[in-house]
Amino acid sequence: MSFQLTEEDQGRTLIVHATGKLVEADYAWFVPEFDRRVRQHGKLRVLFDLTGLHGWDASAAWDDLKFGLGHEDDITRLAIVGEKKWHHAMAIVCKPFTKAAVHYFDHTDSARARAWLAET
């Protein structure tokens with residue numbers, strides 16, 4: 001599985017670690033898991049850790065776009081943690097597709113990303 005999910009703050013914060021090359025089957029697992037957490041906890045604060053992510057195949061890229069468009073109201077804060085220039089670009093690209101506050105953090109600043117998510 002290329003996604004690992006960890007809940008923090010009694011489920012109101014979701015840490016999503018994506019690694020390797022994402023494929024359609026990854027989203028077939030991830031989207032229902034994310035939806036279940038939204039139903040259970042309401043709007044979420046999400047940290048997407050892209051450290052170790054190499055990209056998507058074509059179907060997974062489409063699934064990622066659909067996920068973003070379908071969940072624009074479900075995330076209040078989105079921290080993107082990465083190690084590559086294109087990881088930082090992902091934070092910029094996703095801003096128009098969400099109502100969440102979005103901020104990029106280098107992988108060496110993941111503690112700061114968690115602190116930023118906790119701010120009110």
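Residues are numbered from 1 along each chain as its sequence is written. Because the model is predicted, local features need pLDDT of at least 70 and side-chain atom pairs count only at pLDDT 80 or more, while totals for chains, interfaces and linings use all residues; side-chain values use heavy atoms, with hydrogens and water left out.

Start with the sheet. Five strands make up an open sheet with mixed pairing, in the order β1-β2-β4-β6-β7. Strands here are DSSP runs of E with at least two residues, and helices are runs of H or I with at least four, numbered from the N terminus. Two strands pair if DSSP finds at least two bridges between them. At the edges sit β1 and β7, each pairing on one side only. From one strand to the next, the twist averages 20°; axes are lines fitted to C-alpha atoms, for helices over the stretch in contact, and angles run from 0 to 180 degrees between N-to-C directions.

Moving across the sheet, β2 and β4 pair in the parallel sense over five bridges, and H17 has D49 in β4 as its bridge partner. Next along, β4 and β6 are parallel too, over six bridges, with V46 partnered by L78 in β6. Then β6 and β7 pair in the parallel sense over six bridges, and A79 stands opposite H103 in β7. Strand β6 is mostly covered, with seven of its eight residues buried. Buried means under 20% relative accessible area, exposed means over 50%, and partly exposed lies in between (1.4 Å probe, protein chains only).

Helix α4 (residues 110–118) touches β1, β2, β4, β6 and β7, and its direction makes about 175° with that of β6. Contact means heavy atoms within 4.5 Å. In helix α3 (residues 85–94) there is H87, which counts as buried at 0% relative accessibility. Leaving aside residues up to four places away in sequence, H87 touches L50, L53, I80, G82 and Y104.

Now for the cores. A nonpolar core is a set of buried Ala, Val, Leu, Ile, Met, Phe, Trp, Tyr and Cys residues joined through side-chain atoms within 4.5 Å. The largest one has 25 residues, and V16, F30, F34, V46, F48, L78 and I80 touch the most other members. Helix α1 gives the most to this core, with four residues. A second, separate core of eight residues includes L47, V81, A113 and L117.

The structure holds nine aromatic pairs. One of them, F30 with F34, is tilted, at 5.9 Å centre to centre and 45° between the planes. Rings of Phe, Tyr and Trp (its six-membered ring) pair if their centres lie within 6.5 Å; planes under 30 degrees apart count as stacked, over 60 as edge-to-face and the rest as tilted. Because F30 and F34 are four residues apart in helix α1 (residues 24–41), about one helical turn separates them. F30 is buried at 0% relative accessible area, and F34 is buried at 0% too. Ring pairs also link F3, Y27, F30, F34, F48 and F67 into a cluster.
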